[in-house]
Amino acid sequence: MGPHPDSARQRMTAPLRPFGWWRKSLNLPCWPSFTLAVWVVAILCQAQTAQREGLLLPNPGASIEAIHAVNGRILVDAVDPIFGREWWAFDPAVNETSLVRDLLPGRTGGHTMDSIVMGNHVYFIALESARSTSLWRTDGTPAGTEWVASICPNPVIDIIVPHFATAHGLILFVADDQQHGTELWRSDGSTEGTWMLKDLHAGNSLTGTTSPPAPFRDYFLFRATPAAGPGELWRTDGSRENTYPIVVDGMDLKAFQGGMAALGDRAIFTAGTPEQGLEPWYTDGTAEGTRLLRDILPGPGSSDLTNLFVFQGMCYFQAKDDEHGAELWRTDGTPEGTGLFKDIDPGGEGGTPAPFVQSGDRFYFVARDAVHGNELWCSDGTPEGTRIAVDVYPGTMSSNPYQITAAEGGVFFSANEPAHGEELWFTDGSAAGTRLVKDINPGPALSEPYYLCYAGGILYFEADDGRHGSELWRSDGAEAGTQLVADIALPPAPLPASEPGMLTAGEGHVCFIARDRDANWCLYRTNGQAGNRTLHTVLPGQARKQDVLQMLHAGGRLFVILRTGELAAALWVLEEASGRFETVGEMALPPGAATDRLIAQAGETVYFPRQDAASGTELWALNGTTGTPALVLDLKSGVESAFPGELCAAGSGVYFTADDGTHGMELWRLGQGAPELVLDIAPGRDSSSPSDLCMLGDTLYFIADDGVHGVELWSSGGTAATTRLVADINPVQDARAVAPAHLSPLDGRLFFAAHDGVHGAELWMAQGDTPTAALVRDLYPGPASSFPDGFIAFAGQVYFSAESRDDGIELWVSDGTSDGTHTTTDLTTGPASSHPRHLTVFGSRLYFSAASGNPVEEAELWSTDGTTFDGYHNIANEPGSFPEELTVLGDVLLITADDRDFGREIWRIFKDPTMPGTQRELLISPPPNATVRIPFVPAQLPAR
């Protein structure tokens, strides 16, 4: 999405670059302008000098077209004045950006538009002299940049826009081989697995598939448009025999727009009929299950539906009618559940909300009203909670936000206002949480941040600081952390913070990830005493906290799973006796797989996925005595992968999910013998996709979809006969229903959140020898949701966070009955929320992070004995130390917190906090072995 057209008026007050902004506004290819041509001689000289010095960096004036994070590198699709359009790689380990491979020497460049990540590679279409037009892939290294398959032997062809889509281990894309016209192709990443899927339109026709294939359940949906006749809805699983149209009389997708959105067991899309125009439809993948949702603009006119977006079990979109103009609508997937959600610009031409981006429990979009102009809005999924997030350009003028990109705690975006021009901004949805990140091109000049990509806690983007031209930048959200990649340098010592995270308790010690004084991420181990720590470097300068997917202590070893790509990870093992830290193997991750359940200990054995050349990614085991990994069983014979995941220990065995190629992704169990399929819950090749596996006594609970009841709660005793649906919580398969979540086995009962289509997402409980499930209490009465979360057993009851109409999000307690379920205390007066998080039992108290006061102060550490509440307000000199990652180590509670002096470090709490003189101690901080002691001052609040 480019800048809004209104920004052209504001640009007149600032210097214009010769080519940049209107190329993006009109979505034109980036060919050098006349002015750029004048610079070529100087740029060539500069590039030659740089190469003699060994500095392979994108040249001044380069334009970034796409950015991907793969294998610990940032791959950049750039149009360079010297090399044309090629791939560059930024390697954080050595802090260098280099040309990956010059596929087509010269300024033309080697590849066309669009690219996609699958596994450890970026796939793209390339124009190269040896094989003309082909599918290529790269892992960011010259050796790993490989030809996959030829598409067209004729080098004289138009640029192809492939419309890549990937799911189920396949890539689908659109290509023209000059024999069949524009048709749909598929690839599994191999030469023999890449071919035209089907000749949908006989002859050399350019009128073929024109919409990107959309993954849905275990297949893809796409539109095909013949030379004459209506546009058709098709489905495919990547095989020729299962590629066919979904035929509905009168339905026409020729004017298809808005894409497709998966909503429960239905896909929402746009289609037209002569009588009703272009309107929202739904399909379950069959002709019988494909119907009109609502004729929003009655009659043959079209509602111009665009930007389908799913949030909390509902699909939002922009549509227009005669009364409201283009406004925000939503649907639950049923005709009766489709209606106007918010009239943003009452009485006007409509707020034209778009695009939609989710971050946390809100989604953000740009909209226009008569008071604020075109600005950034946000919504929590309720009409009253849908409001303007920030008026960057106060008054009726517009800042025209664009490139909205989700990040931790909010969104980054580009916006324009007179003082700073078009620059990078961040907001958490509040005025106080909105800031200009950095004035990259100082004053009213424009840096035009574009192609924003958030990966591993860092935002990468293209910008022009007025000196280097359009180049690759990165930002951690702070002004000082917003830098040109080519000028990136390690932070000066001592570091402002080691940013510890991933605290994992072992026997008498805790392991965690933190940066050393040279900014390398390292694996630390401490026994809780200040200054007592050992460390092992983990991929220096490359791994981040967010790259550590899971850590597990078992038998004197620490297992660490590190992300190495979007769909790839590696298992490392620390032998604690010898201090040896080495990798055990790599694994591929299927799209959408849980990344915190990849390893489990059962008895003396640790189970995990591992990939090898002979068997793909399968289940492996590491015995506590041998120390040698062994393949458990090749469930999906040959090089194809079963993708074991959702590992859950059960006695001496383990439950897990896997796809053996016959039954889809289903539940498996490994006991004393070979792994066995527990039950084919969704019969045949369909997948029930079990998730959230947890044990309560000898019974396994999990979430699954049998294809009949939707996503519901199941239980199993380990056999087909004992595997059953616990309850059909949403018997009418209401698409508004949120799948059961946060399964928490506590004191012989299973607590969880579920949505039955009537009460919203509320507190439920299952128990009994033959388990049944029942609503405990509707905490937020009516269809609204309380979203209970963070369940923990304490003092014979269950504590958790939830939202209510009167108190906001606060700490609740339940004994499993409706009357025994209530809020504990309202730390923030009225409907404001304290957001209790990280609930942890330590000694005789429950600790948690929460805000308090009126007005609301930022989060600090709190504790309760079930009656009184004690607040710790002195970690920072002002409210807002934001305690996280509470971990119990013997008689010490470790937390990470930011005291505003040392940054985010590890702190410890010891002794009983009710005793006088209790102190907290900074555990890891620069300079080494520094200790800071702070007196404890309790705060008392009455219990409710």
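Asp659 lies in strand β50; strands (E, at least two residues) are DSSP runs, numbered from the N terminus. At 12% relative accessibility, Asp659 counts as buried, a term for under 20% relative accessible area with a 1.4 Å probe and protein chains only. This is a predicted model: local features need pLDDT of at least 70, side-chain atom pairs count only at pLDDT 80 or more, and totals for chains, interfaces and linings use all residues. Residues are numbered from 1 along each chain as its sequence is written, and side-chain values use heavy atoms, with hydrogens and water left out.

**Around Asp659**

- The side chain of Asp659 reaches the backbone nitrogen of Gly661 at 2.9 Å.
- Neighbours within four places in sequence aside, Asp659 is in contact with Lys636, Ser641, Ala642, Gly664, Met665 and Arg685; contact means heavy atoms within 4.5 Å.
- Asp659 and Arg685 are 26 residues apart in sequence. Their C-alpha atoms are 9.1 Å apart in space.

**The sheet with β50**

- β50 belongs to an open sheet of 4 strands, in the order β49-β50-β51-β52, with antiparallel pairing. Two strands pair if DSSP finds at least two bridges between them.
- β49 (645–650) and β52 (676–679) are the edge strands, and each pairs on one side only.
- On average, neighbouring strands of this sheet are turned by 35° against each other, direction ignored. Axes for such angles are lines fitted to C-alpha atoms, and angles run from 0 to 180 degrees between N-to-C directions.
- β49 and β50 (residues 653–659) run antiparallel and are joined by 4 bridges.
- Cys648 has Tyr655 in β50 as its bridge partner.

**Glu810 in β63**

- Strand β63 (residues 808–814) holds Glu810.
- Glu810 has 1% relative accessibility, so it counts as buried.
- Its side chain makes a polar contact with the side chain of Thr828 at 2.7 Å. A polar contact is a pair of N or O atoms within 3.5 Å; within protein, one must be able to donate a hydrogen and the other to accept it, and residues adjacent in sequence count only if both atoms are side-chain atoms.
- Beyond neighbours within four places in sequence, Glu810 is in contact with residues including Phe800, Leu827 and Pro836.

- β66 (residues 845–852) and β67 run antiparallel, with 6 bridges joining them.
- Ser849 has Leu861 in β67 as its bridge partner.
- The hairpin has 4 residues between the strands, and Gly853 takes a positive phi near 85°.
- 6 of the 8 residues of β67 (residues 857–864) are buried, so β67 is largely enclosed by the rest of the structure.

Methods
Buried means under 20% relative accessible area, exposed over 50%, partly exposed in between (1.4 Å probe, protein chains only).
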